[in-house]
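Subject: Structure handover, aromatic contacts

Hello,

Here is the structure I promised to pass on. Please open it first, then read my notes below.

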Amino acid sequence: MPEAEAVSTYALIAGFLGGLGLFLLGMTLLTDGLKTAGGKALQHILGVWTRTRPRALASGMGVTALVQSSSAVTVATIGFANAGLLTLGQSVWVIFGSNVGTTMTGWLVALIGFNIRIEAFALPAIGIGALLYLFMKAARPRYLGLALAGFGLLFFGIDVLRETFEGLSATFDLSALARPGFVGLLIMVGIGALLTVLMQSSSASMAMALTAAMSGAVPLEAAAAAVIGANLGTTVKALLVVIGATPNAKRVAAAHVIFNGLTAIVALLILPWFLAAIAWIWGSTGEAPAPAVLLALFHTAFNLLGVALMVPVAPPMIRFLQTRFRTREEDIAQPRFLDKHSGGVPDLALQSLLQETERLADISHSMAREALRPDPPAAGTLDARRAAVEQLTTAISDFAARTANHPMPEAVGHGIAEAVRIARYHRETAVLADQIAELRRHSTGEERPIVSEQRRAWQEQAIRALDLANLESENGRDLAATEAVSTVETAYAELKAALLREGTFGSLSMTEMERQLRIISMARRLVTQADKARRHTEALEDQIQGLRKTLEPENA
C-alpha cells in the first residue's frame, strides 16, 4: 500500500503545517489586536504601576497575560528602561512577571482547547471578529475584533494539531525521540528551545507539547522537558533584540537570560519529583489531572519557583549587572537613552530625547564653565567633550528623524522638534566655549588691573547665569536665572565700553582689544544660548507632563 502510505504521510504533514500556521496566525492577530486596542493603557501600566517590586511583578504578569506575548512586553520594558521611565530593578521584576504571565497560554489550551468542541466557539469567534474588523469605523472595536478572530484561529489551529498528533502517534513512534534518562530530557529541552527559536513563539512550542502529550505521542516527562526548553528559547529573542543596543537594554536582557536559565536548570534537576508532587496535590481533589492540565500546572509552577528563587538573588544580581557593559556607557559620546525600540513609540521617544538632551546640557555646561573660569583651560582639555557634543547632537537629530517616520499626535511631533532645537542650543554653547578657551589662551593680559577686575567679575556673573540655567526648574530659581541673564547683559555693555576706552587711549593694543571684545561677545552669546535651552527645556517638560495627564483619565 505504498500509495495509501504516501497519502497518509502527506495528510499528516499538511495537517501539522496547517495547524501550526493557524495557531501562529491566530496568536499574531490576537497579540496585535490587543496591543493596538489597549496600547496606551498598557504603556500606562508599565510606566506608572511599577513603583515597587510586587507591583512591577504583577504588571509584567497582567500585561503579558492580556497581550499573550512575553516578547512584546520584554521589548516594551527595554524601551521604558532606556527612556528613563523604569529603573533596572523595576525592569527585571517586570520581566520576571512576564515569564509567569506567558503561562496563561498553556491554561487556555489545557482548559478550553481539549475540553470544549472547538467549532462551537472558534468559528463564531472568527466570524464575529472579522465582521467587527471589516465594518466598525472606530479603531478600538476594530482591533478588538481582530483579536477575537485571532483567538478563534488559535484554537482552530490547536484542534488541527491535536488531530494530527493523534494520527501521527498511530503511524510513527514519536516516543522514540524521548530517550530514557537525563540525556533524553536534555534532548527534549533542546527540541523545545529550537522550536521556540524557529517559530519565534514559546506559546506555539507550548501548544505543540500539550497536544503531543494529550494525544499520547510523547511521554509526559518528555513533554515537560520540552516546555522547559520553550521557556529557555525565549532568551534568544531577548539577546537578538539588544544587539547594538544601549547598556541598559543589555542589562535587562541579561537579567532575562539569568532568570530563565536558572529556572530551567532547577526545574530540570527536580523534574520527576516536581511532576509527581503536582500530580499528587491535584490528585488529592479526587480526580487524576489530564496530561495537558498537568503540563500547564507545571509551566506555571516552575516559573513561580523561579520568581521565588529571584527574591534573594535579584538584589546582588542587579548590583552585578550595573557594573557590566560599562565600556560604551563610560564613553560620554555614546547615547545612553536613544534606544531603537523606544524610537518606535513616539511618546517614549520624546522622553528619551529629553533625557539625552539633559546629558548634552551637562557636558556643554561643564565646557562653558571651564572656558570662563579665571585661568583658561589648557590646550586639548575640551577636545573630547567638544567631539562628544557633536556626536550626541547628530545622534539626537538622527533619532528624531527616524521617530518622525511613525504616526504621532501633533503635540508629540512638536515636542520632538523642540528637543532637536534644545540640542542645537547646547551644541552652540559647547562650540562657543571651545572658541573662547582658544582665544583666552592667546590673550596677553595687558589691560589695566581695574579693567581686569571688571572682566573677572563679569565672567563670574556669566558663570552664575550658566549654573542657574543648568539647574532643575523651580519657580524661584527660574526668576533668578532670568535676572542673572539680565545682569550679564547690563554688565556686558559696561565692560565693552571699558575695553573700547582702553584700546582708544592706548592702554591696550588694538589687537588685544579686538580679542577681548570677541571673547566677551562670544561669552554673552554663550549665556544667551544656555538660557534659551533652559526656557525651551522647561516648556518641553511641562508639555510632557500635560501629555501624561491627558492619558491618565483615559486609562484609569
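Helices here are DSSP runs of H or I with at least four residues, numbered from the N terminus. This is a predicted model: local features need pLDDT of at least 70, side-chain atom pairs count only at pLDDT 80 or more, and totals for chains, interfaces and linings use all residues. Residues are numbered from 1 along each chain as its sequence is written, and side-chain values use heavy atoms, leaving out hydrogens and water.

Start with helix α14 (residues 291–321). Phe298 and Phe302 both sit in it, 4 residues apart, about one turn of the helix. Both are buried, meaning under 20% relative accessible area, with exposed over 50% and partly exposed in between (1.4 Å probe, protein chains only).

Now the ring pairs. Rings of Phe, Tyr and Trp (its six-membered ring) pair if their centres lie within 6.5 Å; planes under 30 degrees apart are stacked, over 60 edge-to-face, the rest tilted. That rule gives 4 aromatic pairs.

One of them is Phe96 with Phe259: centres 4.7 Å apart, planes at 25 degrees, so stacked. Phe96 lies in helix α5 (residues 88–101) and Phe259 in helix α12 (residues 247–269), so the pair ties together parts 163 residues apart in sequence. Phe96 is buried, at 0% relative accessible area. Phe259 is buried too, at 0%.

Back to Phe298 and Phe302: their ring centres are 5.0 Å apart and their planes at 50 degrees, so this pair is tilted.

Trp93, Phe96 and Phe259 form one aromatic cluster.

Best wishes

How values were computed. Helix = DSSP H or I, 4+ residues; strand = E, 2+ residues; numbered from the N terminus.
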